[in-house]
Amino acid sequence: MAEDTPHPRQPGTDLAPRIARAPDPDGVPRPLLAATDFAVGAASQATRLALRVGSTGWDTSVAVGRLVSRLPGAHGAARLLDTATRPLVQDGRDARVRARSVARTGTQRLLEAVLPWVVDALDVDALVARIDIDALVQRIQIDALVQRIDIDRLVSGIDIDALVQRIDIDRLVSGIDIDTLVQRIEIDALVQRIDIDRLVSGIDIDALVQRIDIDRLVSGIDIDTLVARIDIDALVERIEIDALVQRIGIDQLVSGIDINTLVRRIEIDGVVRRIDMDALVRRIEIDALVRRIQIDEVVKRIDMDALVQRIDIDAIVEQTELGTIVARSTSGVATDALDAARSQTAGVDTLVTRAVNRVLRRREADLPLGPPLLTGEGEADGDPTVVAPAAGGGAGAGGPGAGSAATRVAGESPAPDPPVEERP
Amino acid sequence: MTRSGSRRDMAHQGHYAGALSRLLAWGADLLIIIAVGTVTVALVQFAINVATPWNADLKHAHILILVCEFIWGAFYLGATWILFGRSPGMSIFGLRIVRSDGSDLDQRHALIRLFAFPLGFLTCGVGFLGIIFSRTHQAIYDRIARTAVVYDWDAEAARIRNLAARGARRRQTRVEVPAEP
């Protein structure tokens with residue numbers, strides 16, 4: 001038989017180690033074994049038959065009970081029966097409880113006696129290997145498990161000193177990849193969590209400064225490199241000029257300056273070349289400047305004789321209207337006579353006109369002085385090229401319109417004095 | 001002429017001319033026309049007598065001389081009005097012919113005025129009364145030709161001449177009367 005062959009044990013493969021079948025005990029006769037098997041078989045069949053009969057009887061009892069319970073008066077009988085059997089039921093329940101306690105105690109004793117033997121007999125490695133760890137972990141409800149853990153009690157039970165003493169610090173540190181660790185640190189978040197004020201307030205500045213070897217510190221600084229790394233523009237932008245200027249003691253500063261030396265070092269030509277004279281002149285308020293000038297004092301200091309001697313009369317007469325005026329003013333006695341005759345006749349005309357108006361009872365204000373274009377009424381009519389009236393604009397012997405009042409247009413040089421509108 | 005007179009004369013420029021100025025101007029023009037005409041007749045008679053075998057006596061040819069004078073006067077006035085806008089007599093008294101609105105006189109209106117000019121005489125002088133009584137001092141021929149006569153002489157230059165003359169007189173007086181020591 002295959003069962004009779006010895007089965008070699010493979011560690012970690014069988015839950016219970018196979019024990020080599022022990023040989024039949026010496027001295028036991030084969031007929032006794034057969035009788036024993038017969039007795040066991042008979043007992044087994046008897047038990048099986050009894051259980052089957054009991055089961056059938058139970059089913060029959062249940063069916064009869066149901067039938068009886070539906071009969072008239074069954075309910076009252078059931079109550080009567082319950083009342084009558086209650087003491088017995090109570091005694092039975094007590095006996096069952098006691099029996100359960102006794103059975104539990106016995107079971108515990110039995111397990112305590114049997115389990116060590118069973119555990120020793122188990123192949124733990126095989127058992128562990130057959131466990132599906134992943135499925136097991138998936139079935140574990142981590143949150144519920146964590147909530148059930150009493151953290152405080154757990155921590156209080158840990159002997160920190162002993163735990164620390166057991167840690168091999170050197171080995172631990174040597175196993176840390178510093179670069180990876182640093183890369184994983186979020187510097188910004190870390191800095192934000194630092195309470196700078198509290199940190200600084202805890203520093204003893206005096207003691208710290210006293211411990212610093214200034215000479216050694218300064219000698220180790222590469223000034224050129226340091227200066228080259230400074231962003232001058234950004235630095236200057238951060239300076240509050242107004243506050244800085246207010247803190248400067250101007251008087252003390254100025255008193256310490258050697259003005260003569262300073263002025264000698266200034267390159268005047270270079271400074272002047274860099275000045276934008278046009279922009280400078282545009283910024284000057286001429287009106288305010290002129291108002292501040294005392295004209296009388298200036299005029300008093302002018303040497304008028306020297307000034308007149310320096311005037312180029314010939315150029316003025318040749319290039320300006322003054323020459324024309326001078327030429328016209330040197331016409332002689334005939335011209336003076338003509339001027340007088342014209343003026344006198346015009347005056348007489350005025351008298352005659354006033355007399356006629358008085359006789360005809362006309363208001364002089366209602367009468368036109370002259371043609372519209374010559375008295376300024378042309379401007380009111382919308383003709384911008386005609387201006388009036390032509391004071392002194394006559395042309396002695398010119399052609400039609402030559403120097404006439406009616407043809408004077410905007411842009412030409414006006415008469416020296418504005419016309420005086422008088423009623424003739 | 002006083003300083004206020006000079007300024008008044010400047011103010012007159014461009015105003016309608018009065019009757020006296022226009023009458024004197026017409027008188028001056030008439031003198032010029034007659035003088036030139038007379039001299040011309042005399043020269044023509046002299047030339048005929050000297051250069052030709054005939055003996056001419058134009059003193060008795062009144063009609064001819066009158067017609068010639070009339071033609072000459074028309075030519076004189078028309079030419080000066082068209083060319084200068086004024087006649088020589090008007091220039092003497094500082095007058096100028098313009099259109100009714102004050103613009104310069106053009107050839108067309110000058111000719112209309114020239115042909116309408118005799119109406120002043122043909123109406124027995126009534127045509128000239130507008131110069132005195134009209135609001136715009138226009139005679140009948142001015143109204144027909146739509147012209148007007150205004151003062152227009154170089155009053156500015158006159159004022160400067162007046163100032164210069166007075167300054168010269170003042171300086172001369174200072175030279176003649178030396179200041180007391």
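Select D104(B) first, in the loop between strand 1 and helix 5 of chain B. The model you have open is a predicted one. In it, D104(B) has a relative accessible area of 23% and is therefore partly exposed. Along the sequence, D104(B) and G85(B) are 19 residues apart, and in space the distance is 7.6 Å from C-alpha to C-alpha.

**Chain B as a whole**

Colour chain B by secondary structure. The chain holds nine helices and two strands. Followed from the N terminus, the order of elements is α-α-α-α-β-α-α-α-α-β-α. Chain B has 181 residues, of which 44% count as buried. Of its contacts with a separation of 6 or more, 71% are between residues 24 or more positions apart.

**Helix 5 of chain B**

Go next to helix 5 of chain B, residues 107-116. Which residues of helix 5 of chain B are buried? They are H109(B), A110(B), R113(B), L114(B) and A116(B). Show their neighbours as well: the buried residues of this helix pack against several elements of chain B, among them helix 2, strand 1 (95-99) and strand 2 (147-151). Helix 6 (119-122) and helix 8 (140-145) are also included in that packing.

**Helix 3 against helix 5**

Two packed helices are described by the angle between their axes and the distance between the axes. The axes of helix 3 and helix 5 of chain B come within 9 Å, with a crossing angle of roughly 155°. That angle makes helix 3 of chain B roughly antiparallel to helix 5 of chain B. The crossing of helix 3 of chain B past helix 5 of chain B is right-handed.

To see the contact, select A74(B), L77(B), G78(B), W81(B) and I82(B) in helix 3 of chain B; these meet Q107(B), A110(B), L111(B), R113(B) and L114(B) in helix 5 of chain B. By class, the contact of helix 3 with helix 5 of chain B is made up of seven nonpolar residues, two polar and one charged. A110(B), R113(B) and L114(B) are in this contact, and they are also among the buried residues of helix 5 of chain B.

**Helix 2 against helix 3**

Helix 2 of chain B passes helix 3 of chain B in a crossing that is right-handed.

On the helix 2 side of chain B, the contact residues are W26(B), D29(B), I32(B), I33(B), I34(B), V36(B), G37(B), T38(B) and V41(B). Helix 3 of chain B contributes I65(B), E69(B), W72(B), G73(B), Y76(B) and L77(B). Ten nonpolar, three polar and two charged residues make up the contact of helix 2 with helix 3 of chain B. L77(B) takes part here, and L77(B) is also in the contact with helix 5 of chain B.

**Across to chain A**

Stay on helix 2 of chain B and bring in helix 26 of chain A. The axes of these helices, helix 26 of chain A and helix 2 of chain B, come within 7 Å and cross at roughly 135°. Helix 26 of chain A and helix 2 of chain B are therefore oblique to each other. Select T345(A), A346(A), V348(A) and D349(A) in helix 26 of chain A, which meet A19(B), L20(B), S21(B) and L24(B) in helix 2 of chain B. This contact of helix 26 of chain A with helix 2 of chain B has five nonpolar residues, two polar and one charged.

Move along helix 26 of chain A (residues 333-360) to N357(A). Is N357(A) buried or exposed? N357(A) has a relative accessible area of 3%, so this residue is buried. Leaving aside residues up to four places away in sequence, N357(A) touches R362(A), E364(A) and L367(A).

Zoom out to chain A. The chain has 28 helices and zero strands. Of its 424 residues, 9% are buried. Among contacts in chain A between residues at least 6 apart in sequence, 45% join residues at least 24 apart.

Return to chain B for the last stop and select C68(B) and C124(B). C68(B) is partly exposed, its relative accessible area being 40%. C124(B) is exposed, at 73%. Over all chains, the count of disulfides is zero.

Notes: Residues numbered from 1 in each chain as written. Chains lettered and ligands numbered in written order. Predicted model: local features only at pLDDT ≥ 70, side-chain atom pairs only at ≥ 80, totals over all residues. Heavy atoms only, no water. Disulfide = S-S within 2.5 Å. Buried < 20%, exposed > 50% of the residue type's maximum accessible area, 1.4 Å probe, protein only. Left-handed = near helix turned anticlockwise from the far one by under 90°. Helix = DSSP H or I, 4+ residues; strand = E, 2+ residues; numbered from the N terminus. Contact = heavy atoms within 4.5 Å. Nonpolar A, V, L, I, M, F, W, Y, C, P; charged D, E, K, R; others polar. Axes fitted to C-alpha atoms, helices over the stretch in contact; angles between N-to-C directions. Parallel < 35°, antiparallel > 145°, perpendicular 65-115°, else oblique.
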